[in-house]
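Dear colleague,

Please find the structure below, followed by an account of what was found in it.

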Amino acid sequence: MSTYKQTITIFAFFISVSLCAQMSINTTNEIDTKLYDLKKELELAKTSSNTSKTAQVHVKLGDFFSRLELYTEAIKNYQAYLDIHKTKDSGLVYIQNALSTINLDLKKYSEASKYAYNSLTISEDINYSRGKAKANALLGSVAEKQGNYEKALEFQKLSLSIFNVLNDSTGLASTNENIGSIYEYLEQYDLAYQYFKTANTFAKNSETDLQINIINNLGDVNRKTGNYSKALGYTEQALMLAQKTNNESQIESALKDLARTYADLGDYEKAYGYLNNQSIVNEQELRQNNAEIVSAMQVLYEVKEKEAEVKLLNKQNQINKVRQYIILTITGAIILALIVGFLYWKKRRKHEKHILEYQQQLLQADLDKKTAEEQALKREIDIKVSSLTNYSLHIAHKNKMLSDVSKTLTKLKGRNSELVKTKLQELASEIEADLNNNNEWTELMGYFGQIHPAFFKILKQSALEKLSSSEMRLCLLLRLNLSSKEIAEILRITSDSVRIARYRLRKKLPLDSKDDLQAYLLNL
C-alpha cells in the first residue's frame, strides 16, 4: 500500500474515532430513553393485567440488557417471561436460545448446553425448524469452546442443513462462518477459507456486523497461509465497512489484523502504527461500553428507586386508611388494657412475692438438710476409710509378728529334746493355720465393699478372664493405693512375687502395654 493511501486510511480512522466519540453521547441518551420507555411499557402492561403483553416486554428488556452485556438483568427478565409464559411455542424456544447464548458468553458451558437442549426438544415437539437450527448452532458453539471440534462440526452441519431448507441467508452466513472458524482452529485453512467465502456470499443480505466479521476472518486465513496481499485487501475492506457503520469493535479487530499482517511482512513501522490506532479504538470502545453500562445501570437504579417509592407510598396510603378506622378503637383498648393490666400486675406481683418467699424458705431448708447429710456422709466415709486403713495395717503387723514367731519357733526345734520339738511343731502349725485364716480378709472385703460398693462388680464385668480370689485381694490392695512393698508384707510374699502377680493380673484385664494397672483400678 502506498504512503498516500496509508495517510488517507489513518486520516479516515481519526475521523471515525471522532465520530464514534460524538455518537457515544447520542447512544447513551438513546439507551436512557429506550430503558425508560420499556420500563414504562412494562408498568402499563402490569397495571392492565395483560400477561401476554407483560411477557413480551420482559423479552424486550432481556434483549436490551443482553446487548449491553448486563447479563444478570437479562436473565432476570427472561426468567420472568418463563414464569408467565408456559405454552410451548416459538417464543419459548427463543428464550431458551437466548439463555443459552448468555451462558455461552459467561463460559458456563453446562448451563448453555442445558438451555440449548431444552430449545431443541421444544422445537422438535412443535416442529419449529428455525429453532432447531439455532439450537444446533449453539450446541456446536458450546462443543467448540470445550475443544470437542468433531462434535462441534456435527452440530453446525446439522444447523447448516436446516438453514439450507429454510433458505435463510443470515443463518447460512452465520453457520458457514462458525464451521470455518472450527476448521481454522484445526489449522485446516483451505476448508476454513472455503466456508468463509460461502458465508461471505450469503452475508450480503445480512446485517453489516456479520459481513465485517466474515471479511475479517477471510483476511485472517489469508494471513495465516502467507497470502498477505489478499489478507490486506480483505482486512482493509472490513475496516472501511466498520468505519462506515462506526462499529468500534470491528474497527479494533481490523486494525489488529492489519498490524499482524504488516508484522508478518516485516514492516514493523506500519504494524506499530496500526497497533497504536487499535489501542486508541480499544480505549474509545471501552469508554463507550462503560458509558452505556453506567447509563443503563443509572437509569435502572432510578427506575427501581421510583418503583420502590411508589410501592412505599401505596403501602403508606393503605396503612393510613386502616389507621383512620382503628385508631380510636385501639386507643380505647390500650387504655382499658393498661388499667386491667396494671391491676392484674399489682395483684400478681404481691402473690409472686409471697410465693418467692415461701420457695426461698423451702430451698434454704432443703439446702440445710443436704448440707447436714453431706457432712454426715463425709464423716462416715472418713471413719470407714480410717477403719479400713487401720485394719489393713493391723493385718500387716499381725502377719509380720506371727511370721517372726513362726520363724523363731522353727529355729528352736533343732535345739531341744524330742518332746520340745513335737510341741514346737504343733505350735508352729497352729500359728501357720492362724495365718491362713481368711476371716480377716472377709471382714476387710466387707469394709471395702461399704466404701466402694460397685468396684468388684465392674472389675468382674471388665475382666477378660475369671479372676481368682488371690487376684481379687491384690486388686483390693492396689485400689487402696498400697505400694508393692506394703502388699508383700500383707500377703507375706516377696516383692518379686507381687510383681509376677501384677503381671498375671494385667493379662486378664483390658490394658495396653503402656497403661498403668494401679491407675486403671483407681478409676474403676
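Tyrosine 183 touches Leu153, Lys157, Gln188, Leu191, Ala192 and Tyr195, leaving aside residues up to four places away in sequence; contact here means heavy atoms within 4.5 Å. This is a predicted model, in which local features need pLDDT of at least 70 and side-chain atom pairs count only at pLDDT 80 or more, while totals for chains, interfaces and linings use all residues. Residues are numbered from 1 along each chain as its sequence is written, and side-chain values use heavy atoms, with hydrogens and water left out.

Tyr183 is also among the residues with the most contacts inside the largest nonpolar core, which has 36 residues; Ile179, Ile214 and Tyr262 are others in that group. A nonpolar core is a set of buried Ala, Val, Leu, Ile, Met, Phe, Trp, Tyr and Cys residues joined through side-chain atoms within 4.5 Å. Helices that each supply at least two residues of this core include α7 (149-166), α8 (169-185) and α13 (268-412); helices are DSSP runs (H or I, at least four residues), numbered from the N terminus.

Glutamine 156, in helix α7, counts as buried because its relative accessibility is 0% (buried means under 20% relative accessible area, exposed over 50%, partly exposed in between, with a 1.4 Å probe and protein chains only). Its side chain reaches the backbone oxygen of alanine 137 at 3.0 Å. Among the residues that glutamine 156 touches, not counting those up to four places away in sequence, are Asn136, Ala137, Asn178 and Ile179.

The structure holds 13 salt bridges, each a side-chain nitrogen of Lys or Arg within 4 Å of a carboxyl oxygen of Asp or Glu.

- Lysine 76 is partly exposed at 45% relative accessibility, whereas glutamate 73 is buried at 11%.
- Aspartate 220 is buried at 10% relative accessibility, and lysine 224 is partly exposed at 37%.

Asp220 and Lys224 also belong to a network of salt bridges that links them with Glu184, Arg223 and Asp264.

Yours sincerely

How values were computed
A polar contact is a pair of N or O atoms within 3.5 Å; within protein, one must be able to donate a hydrogen and the other to accept it, and residues adjacent in sequence count only if both atoms are side-chain atoms.
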